[in-house]
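Please keep the sequence and the model in view while reading.

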Amino acid sequence: MRVWACVFVAVAVTMEMGVVATMSKVELVNNGYEGVVVGVSSRVDASVASEIIAGLKKMLKEGSKAMLKATRNRAYLRDVTILVPLSWTHVEEEDAEGALFLKQEDSDIRVDIPESPYQDQPYTLQTGICGASGLYIHYTPAYITDDELVKWWGARGTSLAYEWAKLRWGVFDEIGYPGDPKYPPHYKSMRHGGSVVPTMCGPTHVEGGWEDEEETECPRKRDGTPEGICYFTATNCSSVSLMSLYSCRSPELEFCDEETHNYEAPTKQNRICKLSVWQVMEGHRDFASGANPPLDPAAAQDVPEPRVRVVRERPPGVALVTDVSGSMNEHHRYKRLQRAITRWILRDAPDNTSLAIIRFSDDVQVVQNLTQLDSEATRRALAQSLNCRPAGGTGIGAGLLKAIEVLENEIYKLIFLVTDGEENEKPYIADMKHDLLRSGARVITLGIGKEADSQLRNLSIETSGTSFHFLDENYSFDMESSLDGILDFIPSRTKSTVLYKKTFLKVSPMTLLEDEFFVDCCPDEMGVIIDMESNNPSKPQLKQPNGQAVQGRFEKLLNAWVFDVTKPESGNWLWHVRLKAAAHSVRVSVKVKADESSIISVRTSIHASPTKTNSIVMAEIKKGVCPVQHARISVETKDINSGNETTMVLRDDGEHSDLISGDGIYSGALISEGTFIMAAEIRGTKETVACPASSRRRRRRRQLMRRPPYCCGSAVRPTGDLVPTGTFNRPTSSGSIDITNAPTKGALPPSPVRDLQVTALAPNVFQLSWTATGDDLDDGVVSDYELLMLPNGTGRAKDFEHARPVTLSSVTQRDFKTKVLVEAGSKVVVNVSLELDQENFLTIRAVDAQGHRGQVSNVVTLSFAGDITSVALTEVTTETLGLSSTADFVSTSASTSDPRNNLDRTKDKSDSVNGTGASGHSDHSARNIERGTIKVVVIVLFVSMCLVTIAVCCAVHYYRRKGNWIPK
């Protein structure tokens, strides 16, 4: 599937087949949120419709109250629309008059079937950027209707306020996750004298207990650390942050501010934002510069319940508005467009779609009024009406006005606009834009060539549509992919997925073309189309994996060979054709149709950071409801103006741009400024895995029996039932991305290190490890790193502003350039010597070639237990440190050996510790303490026996010399 993207840096856009604009229309007006959309998926059983709607209304009412309290009377819900599926015909719409043209992908809050790994847990899909809005909140029907689940995931109203904070203001959890190496559920707190405390935000020591998945009390180690997979439940929630909800399920929670924030705890909020939740919120446009000040107590008491309307999803009337000016003759533009539209009408447009065709040049003409695609004959008649010889000027405004007129009686209106030039005929777009916006129509735009009108992108953004663009020299399947963008606005359970695309340009006579493609499990239908821009198209051959040939047919309207296969066999398919005559192009495409639960799908999005210095490209890969892990994704970008090409790799490793490892969401940062053609390649390999289709029901039964784990910290908790997906390929279509106001290369500082870990090797000798950052954010190689240390403080980032930096190159023992100065995303492991004689807070930051310094990393605390003068090599105590965790240096027997002579052996021991969760980490420390104690006892006994023996020998020798004692 080819992914298109066209977005100004300030706007977040989500794409299915293209850049489908799902930017939220929510605004905070006089303390009330308006334009909130709750979408119910068509996958939700219609038999529970009334329970779902009643449950949502109650949750919205309670959530508005919880939000008002948590924001200290600054925000509540005023206007909400619940969008129900087209198939819920028995549900009556409520207060639907004047409702906007909505689709499920517009939803801020989604109700859908459980997805792995979250199951019935509410969650918000976020980027890894502090302050950047999330994509959507996800609730399941069970959570909305089953009160038993409230026990685990909190009251629905409180949950809504909690998830809204992540969606709207870009803040993060302030809890720990059992078994997680970055966000452990407990840590040793220096604020509490080295005691083990739960990971959460609050100004006081919180009382409560630790329980395992069976709800039995967790055993403790000597230092108070809970053993195994344990969850903390607070009994005293005074002053605990709302972002610590899963540990403290009180309905009265608020957000931590600068004064009450716990900067020491190893939370996502600390690692990513390094600020309190309130500090991030106050930088958001909702509250920045004093916007939406607190309501007075009386006004807060009188805040009305949210106005909730219920609207049914419905298909729009579609108007194809095509440019037939003289320039459309160049590069075969109109012929190629006609072929693409014909293919869409004949093969891809859903049944009963209402379609109109309008063309414009000097004037405007309605080729076909709204017609329902209810038969094969109707489809072919509309396709034949596209015949035209382009000539004249470019009257874009006139074409749009005519489309509004044709769609006047449609509740939902969708316009597909194609042009290759700037408008030069009145009325202009500016003259009729007000009428267009007032009509409520959404506009999909396709610009062809470099001269396409620059207003197209803004037009699609202002109408919440989609924007596509391609260059003539890159002719492939771009027109077809842009037309597939229409399908994102039409409700449907059956999805079409492109498995394969191949284009050959300027092919000589008698050339043999051949290739293979892989069909993964388990499509219902497959269509293979081979078209040739030639006066004498040759007959191609298609063979199944078993070697049998498939019969095809020549479709005159498409001027292409078509092979339709029902229930295609999984495996490698082969095609070949020998051209009789020269061809301008030969294109081969393979598209399958299947229920979305059985096919691997890809959804991509691009999000600007709040500072507008970079954008995060995300690709979500799923097989049904399960994330696909260990796929390979590369994105190629080409600057339309300069022609410069770059390749970006998207990763699902939980580092830098990526938030969670193993969740099937692959991310990467895009920094450059310009207008780019974008193409993504998604491949499955032998290592690519997903959960089996039957696992959801099995996991649901397990959840009813025991406490469900909450997800996800830095990584998805591994399960034993993952199965290989087999190899697959999802090709992409080129689209365009507009990035403006981006800094020049070298102007950005490096990204912060977020996963600093420290292992104590010996007195004043440490092993540091982290994921390398880049010269510009996550791109390139840094010039150096600086260590910052403080003997005291709170653990917050600002404490290090005046700390004296120590360059890593000056304290690294060896191989600095090869081990430390590595490409962004690589793992760095290095040994350093630091002269320490007391407890220290330690952090690290990167420095680029221009001297720009990144933000400081997560903070680790180094504390000493006992007076250590040296450490025996065989007795080195090593402990991996997460965020603000503690390394205890245990006193051992003296040794004259230099501990650095055996660092490699010690490193092997520490590697076995790195990456374990908090419980494993603490268990390792406890075992070392026990071993040390035993060895000290053994040594004392041994020395005592030696002294007794010496004393006896001396006594015997003395009395023998005196001659007055003879042993018996």
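A residue is called buried when its relative accessible area is under 20%, exposed when this is over 50%, and partly exposed in between. The structure to which these words are applied here is a predicted model. Asn30 has a relative accessibility of 60% and therefore counts as exposed. This residue is placed in the loop between strand S2 (27-29) and strand S3 (32-34). Although Asn30 is not a glycine, its phi is positive, at about 50°.

The loop between strand S12 (208-211) and strand S13 (231-234) holds Glu215. Here the relative accessibility is 36%, so Glu215 counts as partly exposed.

The protein as a whole may now be considered. It contains 18 helices and 47 strands. Of its 968 residues, 58% are buried. Among contacts with a separation of 6 or more, 75% are between residues 24 or more positions apart.

Helix H1 spans residues 49-70 and includes Ser64. Because its relative accessibility is 4%, Ser64 counts as buried. When neighbours within four places in sequence are left aside, Ser64 is in contact with Tyr76, Leu77 and Pro306. In helix H12 (residues 455-462), the buried residues are Leu456, Arg457, Leu459, Ser460 and Ile461.

Which strands make up the open sheet in which the pairing is antiparallel? Three strands form it, in the order S40-S41-S44. Strand S40 (757-762) and strand S44 (827-833) stand at the edges with a single partner strand each, so one side of each has no neighbour in the sheet. On average, and with direction ignored, neighbouring strands of this sheet are turned by 20° against each other. Strand S41 (residues 765-771) is joined to S44 by seven bridges in the antiparallel sense. Opposite Val765 stands Ser833 in S44.

Aromatic side chains provide a further view of the model. The count of aromatic pairs comes to 19. For Trp278 and Phe287, the ring centres are 6.5 Å apart and the planes meet at 50°, so this pair is tilted. Both Trp278 and Phe287 are buried. Ring pairs also link Trp153, Tyr162, Tyr177, Tyr231, Tyr246 and Tyr710 into a cluster. Charged groups sit over aromatic rings too: the charged end of Arg156 lies over the ring of Tyr143, 5.7 Å from its centre, and that of Arg587 lies over the ring of Phe477, 4.6 Å from its centre.

Pro117 is found in the loop between strand S7 (109-111) and strand S8 (123-125). Another cis bond runs from Lys426 to Pro427, with omega near -5°. Pro427 lies in the loop between strand S18 (413-419) and helix H11 (429-439).

Methods. Residues are numbered from 1 along each chain as its sequence is written. This is a predicted model: local features need pLDDT of at least 70, side-chain atom pairs count only at pLDDT 80 or more; totals for chains, interfaces and linings use all residues. Side-chain values use heavy atoms; hydrogens and water are left out. Helices (H or I, at least four residues) and strands (E, at least two) are DSSP runs, numbered from the N terminus. Buried means under 20% relative accessible area, exposed over 50%, partly exposed in between (1.4 Å probe, protein chains only). Contact means heavy atoms within 4.5 Å. Two strands pair if DSSP finds at least two bridges between them. Axes are lines fitted to C-alpha atoms, for helices over the stretch in contact, and angles run from 0 to 180 degrees between N-to-C directions. Rings of Phe, Tyr and Trp (its six-membered ring) pair if their centres lie within 6.5 Å; planes under 30 degrees apart count as stacked, over 60 as edge-to-face and the rest as tilted. A charge sits over a ring if NZ of Lys or CZ of Arg is within 6 Å of the ring centre and within 35 degrees of the ring normal.
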